[in-house]
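Here is a short report on packing and charge pairing in one protein model. Keep the structure open while reading.

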Amino acid sequence: MRLSRNLGATALTVAVLAAGLAVALRDRLPERGTDAGDPSDVFWEMVDVSREGSTDAYLDLFAGEVREQLETVRDEMGEAAFQQYLRQRIAGLKGVAVTGREDLGDTVRLEVEYVREASYETQSLELRATRGRWRIVALGPTHEREPPVPYGTPVGPAE
């Protein structure tokens, strides 16, 4: 009798640990055979929710360590300051573009560009399908450059 109780408790413990491990890994493992849509849609959504200052929607676009880091930043800054940061990051943009895409197996790398009046920035985003949709799992460094001709400079003969 005692052996069957111990066996039952051991089986229950193993089941609970396996479920906990599955939950912990669900953002890190790629999904196979899912129709998560176009990965570039995540970039456009990131621009939109940043403009709105919607922190929960913004964080939902990320997974894994990047999301954990962003949540830490939000917690340290406070909700209002993080909303303001998101809005400021987008304020003054003259344009945004996805300039490249590379399929890396279970990950897709997008090259994106942010155009401002006096500068432009390029960055890479790595996305993976998790829980039925694409999420950003890595951010490359931002490279800022001055354009040879400032944005908005008239072209053609002056009248």
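By the rule used here, the count comes to 15 salt bridges. A salt bridge is a side-chain nitrogen of Lys or Arg within 4 Å of a carboxyl oxygen of Asp or Glu. This is a predicted model: local features need pLDDT of at least 70, side-chain atom pairs count only at pLDDT 80 or more, and totals for chains, interfaces and linings use all residues. Residues are numbered from 1 along each chain as its sequence is written, and side-chain values use heavy atoms, with hydrogens and water left out.

**Salt bridges**

Side chains of opposite charge can pair when their charged atoms come close.

| Pair | Closest N to O distance |
|---|---|
| Asp48 and Arg51 | 3.6 Å |
| Glu126 and Arg109 | 2.9 Å |

Asp60 lies in the loop between H3 and H4 and Arg133 in strand S4, so this pair ties together parts that are 73 residues apart in sequence. Helices (H or I, at least four residues) and strands (E, at least two) are DSSP runs, numbered from the N terminus. Asp60 is partly exposed, at 27% relative accessibility. Arg133 is partly exposed too, at 22%. The cut-offs are: buried under 20% relative accessible area, exposed over 50%, partly exposed in between (1.4 Å probe, protein chains only).

Glu126 sits in strand S3 and Arg109 in strand S2, so their bridge ties together parts 17 residues apart in sequence. Glu126 is partly exposed at 22%, and Arg109 at 23%. Shared partners also join salt bridges into one network of Glu45, Asp60, Arg67, Glu71, Arg133 and Arg135.

Asp48 counts as partly exposed at 39% relative accessibility, and Arg51 does at 49%.

**The nonpolar core**

Which residues have the most contacts inside the largest nonpolar core? They are Phe43, Met46, Tyr58, Phe62, Leu125, Leu127 and Ile136, in a core of 24 residues. Such a core is a set of buried Ala, Val, Leu, Ile, Met, Phe, Trp, Tyr and Cys residues joined through side-chain atoms within 4.5 Å. Elements giving it two or more residues include helix H2 (40–52), helix H4 (64–77) and strand S3 (120–130). H2 supplies the largest share, five residues.

Phe62 touches Met46, Arg67, Leu70, Arg135, Ile136 and Leu139, not counting residues up to four places away in sequence. Contact here means heavy atoms within 4.5 Å.
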